[in-house]
Amino acid sequence: MILIDYSGIAIAPVVMGAVKADDEDLIRHMILNTIRMYRQKFKQYGEVVVVGDAGGNWRKEVYPQYKVKRNKHREESKIDWDVAFKNINKVFDEITEYFPYKTIKQWGCEADDS
C-alpha cells in the first residue's frame with residue numbers, strides 16, 4: 001500500500017510559487033501528476049491511498065499552540081489561502097469520486113495520524 005499525504009503534495013506547489021492559488025487546472029495537474037509519479041515509482045508496494053487532513057485536529061485541544069505560527073504566516077502571505085484551499089479540497093473530492101485511488105479523511109486527524 002502506498003500512502004500519500006495529500007496536504008503535502010497539494011500545498012507545496014502553491015507555497016513554492018509554482019502555482020497560483022486561483023489556477024485550479026494547474027493545481028489539479030500538479031496534484032494528479034505527483035500521485036501518478038509516486039504510483040509509478042513505488043508500484044511494487046501496492047495500490048495508492050490518498051490520505052487527507054480533516055478538521056478538528058486533536059493536537060490543538062491538547063496543545064493550543066500547535067502550528068499557531070502557521071496562521072500568522074498565512075495572514076502575512078500574498079497567497080489567497082481561502083481560494084487555494086477551496087481548489088485543493090475540490091481536487092481531493094474529485095479524486096475520491098472519479099479516480100481509482102482510495103481516499104481517507106478521518107475527523108480529528110491529520111493525514112499522518114490516519
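Two strands pair if DSSP finds at least two bridges between them. Helices (H or I, at least four residues) and strands (E, at least two) are DSSP runs, numbered from the N terminus.

This is a predicted model, in which local features need pLDDT of at least 70 and side-chain atom pairs count only at pLDDT 80 or more, while totals for chains, interfaces and linings use all residues. Residues are numbered from 1 along each chain as its sequence is written, and side-chain values use heavy atoms, with hydrogens and water left out.

Select strand S1 (2-5) and strand S3 (102-105), the edge strands, each of which pairs on one side only. The sheet is open, has three strands in the order S1-S2-S3, and its pairing is parallel.

Pick Ile4: its bridge partner in S2 is Val50.

Now show helix H1 (residues 6-15), which lies across S1 and S2 and runs at about 45 degrees to S1. Axes are lines fitted to C-alpha atoms, for helices over the stretch in contact (heavy atoms within 4.5 Å), and angles run from 0 to 180 degrees between N-to-C directions.

Move to helix H2 (residues 24-41) and helix H5 (residues 81-98), whose axes come within 10 Å and cross at roughly 50 degrees. Select the residues of their contact: Glu24, Ile27, Arg28, Ile31, Leu32 and Ile35 of H2, with Asn87, Ile88, Lys90, Val91, Glu94 and Ile95 of H5.
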